[in-house]
Structure formats: structure tokens, C-alpha cells
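Look at the two chains below and follow how they meet.

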Amino acid sequence: MASEVASALLFYLVNGLIWGLIIALIALGLSFIFGVMGIVNMAHGDLYMLGAVFAYWIFSALGNFWLSLLIVPVAIGLLAAPTERLILRPFEGHPAVTMIATAGLSFILQQLVLMTYGGVPKELPMPLQGSFDFLGVAYPLYRLFIAALSLVIIASVWLFLHRTDYGILVRASMQDKEIASAMGINVNTVLVFTFVLGCVLAAVGGVLAAPVTQVFYLMGNDVILLCFIVVIIGGLGSLGGTLVAALVLGGVEGLLAYFLSPTGARAAVFAFMVGVLILRPQGLFGTQRG
Amino acid sequence: MVALLGRNGAGKTTFLKTIMGLVRACQGRVILDGVDITALPSYRIARLGIGYVPQGRGLFPELTVLENLKTGMRDRRDKGSLERVLDLFPLLRDRLGQKAGTLSGGEQQALAIARTLLQKPRILLLDEPTTGLMPLIVERLKEVIRELNSRGMAILLVEEKVPFALSLAHRVYFMVKGKMTFSAPKEEVASREDILLKYLGVQG
Ligand SMILES: Nc1ncnc2c1ncn2[C@@H]1O[C@H](COP(=O)(O)OP(=O)(O)OP(=O)(O)O)[C@@H](O)[C@H]1O
Ligand SMILES: [Mg+2]
């Protein structure tokens, strides 16, 4: 009996951690866009939603889920690049205006999806059948795939930022755009690149989540709240902090889901996070840079 | 080599930023080799051969010394140039992996100049490079600046320390309230007390 409870708890915990990895992926994009561009991307959750909706459409049209992992990043890149150039660039350095602009974008994306995709939540079949035995708990293979791919992507982003020459230019622009451009760095290109990468991270999170959640035009709303919390708790601009905060949040929500309803668990997590922020307004790992 | 002197807040830094396109000129133009570069973005101006060492160094404190140097390099595989610049500032060589924010003042200034030199500028703009440095380091910096100038690099030096500027520059410009008011060869400035008194309000 006790071991049954333990296995059930473990199952919920792992579920939560995997959800945490998806959140980490999306939050990373949010934090990256904020860190480099100084923009709070209010439409970030809707890029997650868009990734899931595209995955649904691609599956319906081509009967293949995996293709979305290739097509969606390209499609989102093609949407995000002109958005940065035409909508965000003119308001560079005006955080409030860009916040309003991306909030408008969020609304437009949701309404466009409502018009074309409809308002009814839909589900995708599991792209991977079978399960994996972990400490006596049978675990769906696809969820392990989510975990593995998220980790690979997060590690790649880190390696890109810290081990490549272009990554150096991105981090330099993050610290001081004016000096960076005086050093001959084309900061505008860096900004487009950052926005595209950040949006693609969110959309890939959406693709990965599509088969394990309901695909719905408002599905980004909860997620963006979670991401804001994770980014703030992790400490602005701290990649490692974002990852840890997302895993803690996912794990706690997973465990609570065993005792409470999913909605109850989410409410409890929000309360928990608010508590953390009251105790440590600069986040768990943030320095007091402001 | 020319020096630009002026009191605090005279507009010297703003003048350099205008050349770099970091501040947009309301009037007047910046001409390089007969080409109007006033409206170009900063990174294009930098790539045309104007190297800028900002007041307060303007390093990327969270990047390592080597990473800071790489931000200045167009061709980041060019080990030869990197070596030559490190020969000029040997103290940086042992600190390549250290975060720039943790360097001493003299090392930071060396890094700031080294980073800009890696852009291979023809013209070097130095904004108060001696601020906060120990006399010994200032002497060493003077040698480096003189060396660069003798290799054919045009240098515009903005300075607070009048003797330092006079020991390096061939011609001295004075800026008062945002306007270039007076210029003279350094011998004339050095031999006439009244010039410094009039344009800087200080005793030579
Ligand atoms: N040509 C100008 N017209 C109007 N305002 C100017 C002009 N040049 C500079 N200013 C203003 O004067 C102020 C001081 O300028 P700046 O920082 O360039 O002075 P500085 O000579 O570099 O001083 P410091 O010796 O303290 O470094 C700034 O607020 C700047 O905006
Ligand atoms: Mg100044």
C-alpha cells in the first residue's frame, strides 16, 4: 500500500518535472528576449499556443507529428523576424510601448487562431507508443522524449551563448548595446536573432506539449503567467536560475496534483511562488542588479 | 595626435559620441575621407576605421578578458593580431579567462584599448584614459599611446590631465560649452599660461 502511494507520487513528480522542462524552454525564450532587447513579450504564451496549433494542423494535413519539430521553428522564424523589424524596432528603448504592442499581438494571434482553428480544444494522439519502466513505474515513452529534447535544447542554447563567437556578441549586446555597436557589432541583427530564437523556443515548447495537453487558442495564458514567475524567481537573465525555478515549480505542481485537483495544484503553486517573491524579491538566484 | 581639452561638462564625451554615431548631431556633419558619415549606424562607423575607447572604459564586465577582446575583432580567427595586441599589453595575457569586471583599473584600461585596437582602427578616439590610474600606469600608458601614434595611427585624446595631454599631443583644441573655441600647437599652449587659464579656468 505504502509503495503504491510512493509510486503514484513518483509518477506525479516526474510528470511535473517534465512539465517544468517545457516551462523552462518557454521561460528561457522570455528571459532571453527581455535580457537582450529589454522587451517584456506579452505574446510569448501565444507563441507556445501557436506551436501547438501548428503541430495540430501539420498532423492533420500530413499525418506526421515529428515534421512539426522541423516546420514550426522555420514558420515561427518567418513570422517573428518581420515582427521584430516592423513592430518592435520602431519602439526600441520604450519598454511600456513594446509591452502594449506585444499585448496587442497576443490578442491578434489568439483571435486569428479562434477564427481559423476554432474555439474547441483538440487533442493529438501520442506520437510515441510504449512506456518505460522507472523504479517500478511505467512511464510513457513520449514524455521521456520531451524531457530529453528539452534538456538538449537548453544545453545547446547555453553552449551557443558561451562557446561560440556569435554567442559572445549576443552577450555583449545584452550588457551594453551602445558600446557593442561602437565595437562594430551590428546590434540590429542581434536583436532580430534574439527575438526569433526566443519565439522559436516558446513554439517548440508548444509542439512538444501538444500531444500531452489540450490544444486550445487560450492555452498560452496560464503558461505566460508561469513563465513570468519562473523568470523572476530564477533571477532575471540567469539561465541556470530559470531552469531550476521551472523544475521546482513543475515538481511542486506535479506533487500537489496528486492531492488536489489540477486547478487547485496550479492555484497552490501560484500562492507558493508569491510567497517566495515576498521573501526574496530579487529571485532565488538573482543578483540585485535591478 | 591631437588633444581635446575642456572643463567638466563641456561636451567632450558628447563630441566623441557624435563622431561614433551614438548621439545624433542636430547640426553639422562628420566627414571621413570626404564621405559624410554623420547618419551612419555606429557599427558601420567603427568598421570604417574609427576606434573608440569610451570614458569609464565601457567594458562588458560579465564577459571574460578574451571575450571582450573578441568583440572588437572582425575576424575572430585572426590569432596573429591578437598576439600582437597582447604583446603591447602583456599583463592581459595571464588574465584571458578572468571576468573583465574583476580587473584592476589599469588592467581595465589596457583591455579597453586592446579591444579597440583589434578593430584595426586608423583613427583612435580616447576619452580620458588616465582617470583613476596610478602614476606608474599612466607613464606606461603614455608610452603605448606614443608608440601607436608613431606607427601611423591618428589619435584624438580627450583629457583632464593637462600635462599628460601636452606631453603627447601635437596640437591642442579647447572646447567651451559644446563649442570648439580655440586651438594651438602644443608648444604655444605650454608656453602661455593665459591659454589654460582662459579656456579651462586652471593654472598651468
Ligand atoms: N553641443 C552640445 N549642445 C548641447 N548640449 C551638449 C552639447 N555637448 C554636450 N552637451 C551636454 O552637456 C552635458 C555634458 O557633456 P559631456 O558628458 O560630453 O561633457 P564632458 O566634457 O565629457 O565632461 P566630463 O569632463 O565630465 O567627462 C551632457 O548632458 C550633454 O548632453
Ligand atoms: Mg566626458
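## Where the chains meet

In this predicted model, 24 residues of chain B are in contact with 17 residues of chain A. Contact means heavy atoms within 4.5 Å. About 1800 Å² is buried between chain B and chain A, and carbon and sulfur atoms give 60% of that area. Buried area is the accessible area (1.4 Å probe) that two parts lose on being put together, summed over both.

## How the model is read

Residues are numbered from 1 along each chain as its sequence is written, and chains are lettered from A and ligands numbered from 1 in the order in which they are written. Local features need pLDDT of at least 70, side-chain atom pairs count only at pLDDT 80 or more, and totals for chains, interfaces and linings use all residues, while side-chain values use heavy atoms, with hydrogens and water left out.

## Charged pairs

Side chains of opposite charge can pair when their charged atoms come close. A salt bridge is a side-chain nitrogen of Lys or Arg within 4 Å of a carboxyl oxygen of Asp or Glu. How many salt bridges does the structure hold over all chains? There are 21. A:Glu178 and B:Lys17 form a salt bridge through their side chains (3.4 Å, N to O). A:Glu178 lies in helix α7 (residues 177-182) of chain A and B:Lys17 in helix α1 (residues 12-19) of chain B, so the pair joins two chains. Helices are DSSP runs (H or I, at least four residues), numbered from the N terminus.

Between chain B and chain A the count is five salt bridges. B:Lys70 and A:Asp165 also meet in a salt bridge (3.4 Å, N to O). On chain B, α2 (42-47), α3 (65-72) and α5 (105-117) each supply at least two residues of the side that touches chain A. That side of chain B divides into nine nonpolar, six polar and nine charged residues. Here Ala, Val, Leu, Ile, Met, Phe, Trp, Tyr, Cys and Pro count as nonpolar, Asp, Glu, Lys and Arg as charged, and the others, Gly among them, as polar.

## A closed space

Rolling a probe the size of a water molecule over the atoms shows where empty space is left. The structure holds one cavity of 30 Å³ or more. On a 1 Å grid over the protein atoms alone, a cavity is a set of points where a 1.4 Å probe fits but cannot get out; lining residues have an atom within 4 Å of a point. Grid points are joined across faces, edges and corners, and a volume is the space filled by probe spheres set on the points.

The largest cavity has a volume of about 40 Å³. Its lining is A:Met37, A:Ile39, A:Glu84, A:Leu88, A:Arg89, A:Glu92 and A:Leu191. Four of these residues are nonpolar, none polar and three charged.

Note on methods. 1 Å grid on protein atoms, 1.4 Å probe; cavity = no way out; pocket = protein on both sides within 12 Å on 5 of 7 lines; lining within 4 Å.
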